[in-house]
Amino acid sequence: MHGKSQQIQIIAIFIVTIVLVLIMLFFWFRNISPILNSTELHERAEVIGKKIVEKNFDDTITSTYIVTFKFSDGSLKELWVGVDRAGEESYYAINEGDIGTLTYKEIKAIEQKYKNEDIRWEGRRFISFMKDSEYGGTKIEKRGLTELTVLIIGIGFFISLAIIFIVTIIVNDKKN
């Protein structure tokens, strides 16, 4: 009898964990979905600035690479090129003064969602920058995992975990 109550507790903990992970994924996807569903924009632009934003999480420093582009109408936009090593390669391949065609995504009504221009880059995603031939003519693309890839990997991980958990319960139940 003691074994059954222990199994029920384990199942309850597992279900609560799955529900919490699903809630977390729902809120994460709700935040990233507007960018994923945005139309790709292609515009001529000049690189006028670059910066690295570092955040410290439990003694681990995360570097976010941001590039500022100036468009033909004079407007400026900061774009998130990547995080840590995935963004580092693209960031250092782009130089101030480079001119070319920028491909990116931006959420609708970005000014309302991000009133502070200093964090507005969170509503934009860099896809690629094709330098004009006089600047090397190379195409710099975002490296690393995309948000959708991370979501698919996360879901796959938890499905695998659930299968292992269920098989373990079945095997233990047959032993008893």
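Select Arg 124 to begin: in this predicted model it counts as buried at 2% relative accessibility, where buried means under 20% relative accessible area, exposed over 50%, and partly exposed in between (1.4 Å probe, protein chains only). The side chain of Arg 124 meets that of Glu 106 in a salt bridge at 2.5 Å, N to O, the term standing for a side-chain nitrogen of Lys or Arg within 4 Å of a carboxyl oxygen of Asp or Glu. Arg 124 belongs to strand 5 and Glu 106 to strand 4, 18 residues apart, so that the pair links distant parts of the chain; helices (H or I, at least four residues) and strands (E, at least two) are DSSP runs, numbered from the N terminus.

Residues are numbered from 1 along each chain as its sequence is written. Because the model is predicted, local features need pLDDT of at least 70 and side-chain atom pairs count only at pLDDT 80 or more, while totals for chains, interfaces and linings use all residues, and side-chain values use heavy atoms, with hydrogens and water left out.

Next, select Lys 131 and Asp 98, whose side chains meet in a salt bridge (3.1 Å, N to O). Lys 131 counts as buried at 7% relative accessibility, and Asp 98 counts as buried at 6%.

Then move to Arg 44 and Asp 132, where the salt bridge is 2.7 Å, N to O. Arg 44 lies in strand 1 and Asp 132 in the loop between strand 5 and strand 6 (139–141), so this pair ties together parts that are 88 residues apart in sequence. Arg 44 is partly exposed at 41% relative accessibility, whereas Asp 132 is buried at 17%.

Finish at Ser 75, in the loop between strand 2 (60–71) and strand 3 (76–83), which counts as partly exposed at 26% relative accessibility. The C-alpha atoms of Ser 75 and Ala 45 are separated by 9.7 Å, although the two residues are 30 apart along the chain.
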